[in-house]
Amino acid sequence: MLTVYLVEDDPLLARHVLGAFQRSCDVRCVGHAARLAQARDELPLFRPDVLLTDLGLPDGDAIDLIREFGCPDVAWRPNILVFSVFGDEVRVLEAIESGADGYFLKGCSDQELLDAVRGAARGESPISPGIARQVLRRLGAAPAHAAAGGARLSPAEQAVLRLVAQGYVTEEVGERLMMTAHTVATHVRAVYGKLQPARTEALAGSVS
């Protein structure tokens, strides 16, 4: 059973999301917090597979929570999926650069949300077309364009992002680029990693 912890202060939306989890046969919500302080205290106790969090909370910004639990050198780290109404480039990229593994805007269907949670638990990085477009704008079009920490996008990573930005799902991207769905997901995950300086530096240190 896949476990998830929800951080959401809107009671109606929280009830809807919790209901989606209850109706699922393979996803169980082990906790729900409406405030940053509660989530910070409970997460190390519940240790969920996935942290599904809003960004704007009554007592603070969940970006701080993402930085704390998304650090690559912590003893325990959940897969972090941001669920928010914020769609502007600054907020999206700040969440990703702080350690988020995926970013979905509120308004997606229950099935899309559950699929995103399952994908995050498998080590995939769910990404919407709008977010893909913003990431492409952030990293530039040139293959040799430097990203965070000096990392560079490969031509394959750019090709994947362009198709996602056009609305193609993982399987369709794979068909068009003659890749497996797993390879497509690996490229998206790599793009997220290149947006995160701390992870890029940790990877470089492990290789050297």
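Beyond the neighbours within four places in sequence, R118 is in contact with L2, S24, D26, V27 and Q111. The model discussed here is predicted. R118 belongs to helix α5, which spans residues 110–121. The relative accessible area of R118 is 18%, and because buried means under 20%, this residue counts as buried. One of its contact partners, D26, is also joined to R118 by a polar contact of 2.9 Å between the two side chains.

**The chain as a whole**

The chain contains ten helices and seven strands. Of its 208 residues, 48% count as buried. Among contacts in the chain with a separation of 6 or more, 66% are between residues 24 or more positions apart.

**Packing of α1 with α5**

Helix α5, where R118 is placed, packs with helix α1 (residues 11–23) at an angle of about 70 degrees, the axes being 10 Å apart. Angles of 65 to 115 degrees count as roughly perpendicular, and therefore α1 is roughly perpendicular to α5. On the α1 side the contact is made by H16, V17, A20, F21 and R23, and on the α5 side by D110, L113, L114 and V117. By class, these residues divide into six nonpolar, one polar and two charged.

Helix α1 also holds L18. With a relative accessibility of 22%, L18 counts as partly exposed. Apart from neighbours within four places in sequence, L18 is in contact with L6, C29 and H32.

**Packing of α7 with α8**

In α7, the residues A159, V160, L163 and V164 meet V173, R176 and L177 of α8. The contact of α7 with α8 comprises six nonpolar residues, one charged residue and no polar residues.

**The loop between α5 and α6**

I127 lies in the loop between α5 and α6, the latter covering residues 129–139. The relative accessible area of I127 is 14%, and this residue is buried. Leaving aside neighbours within four places in sequence, I127 is in contact with Y103, F104, A132, L161, V164, V188 and Y192. One of these partners, V164, is also among the α7 residues that meet α8.

**Separations in sequence and in space**

| Residue pair | Separation in sequence | C-alpha to C-alpha distance |
|---|---|---|
| L18 and G31 | 13 residues | 9.7 Å |
| I127 and L81 | 46 residues | 10.0 Å |

R118, in helix α5, is buried at 18% relative accessible area and has a side-chain polar contact with D26. L18, in helix α1, is partly exposed at 22%. I127, in the loop between α5 and α6, is buried at 14%.

Notes: Residues are numbered from 1 along each chain as its sequence is written. This is a predicted model: local features need pLDDT of at least 70, side-chain atom pairs count only at pLDDT 80 or more; totals for chains, interfaces and linings use all residues. Side-chain values use heavy atoms; hydrogens and water are left out. Helices (H or I, at least four residues) and strands (E, at least two) are DSSP runs, numbered from the N terminus. Buried means under 20% relative accessible area, exposed over 50%, partly exposed in between (1.4 Å probe, protein chains only). A polar contact is a pair of N or O atoms within 3.5 Å; within protein, one must be able to donate a hydrogen and the other to accept it, and residues adjacent in sequence count only if both atoms are side-chain atoms. Contact means heavy atoms within 4.5 Å. Ala, Val, Leu, Ile, Met, Phe, Trp, Tyr, Cys and Pro count as nonpolar, Asp, Glu, Lys and Arg as charged, and the others, Gly among them, as polar. Axes are lines fitted to C-alpha atoms, for helices over the stretch in contact, and angles run from 0 to 180 degrees between N-to-C directions. Angles under 35 degrees count as roughly parallel, over 145 as roughly antiparallel, 65 to 115 as roughly perpendicular and the rest as oblique.
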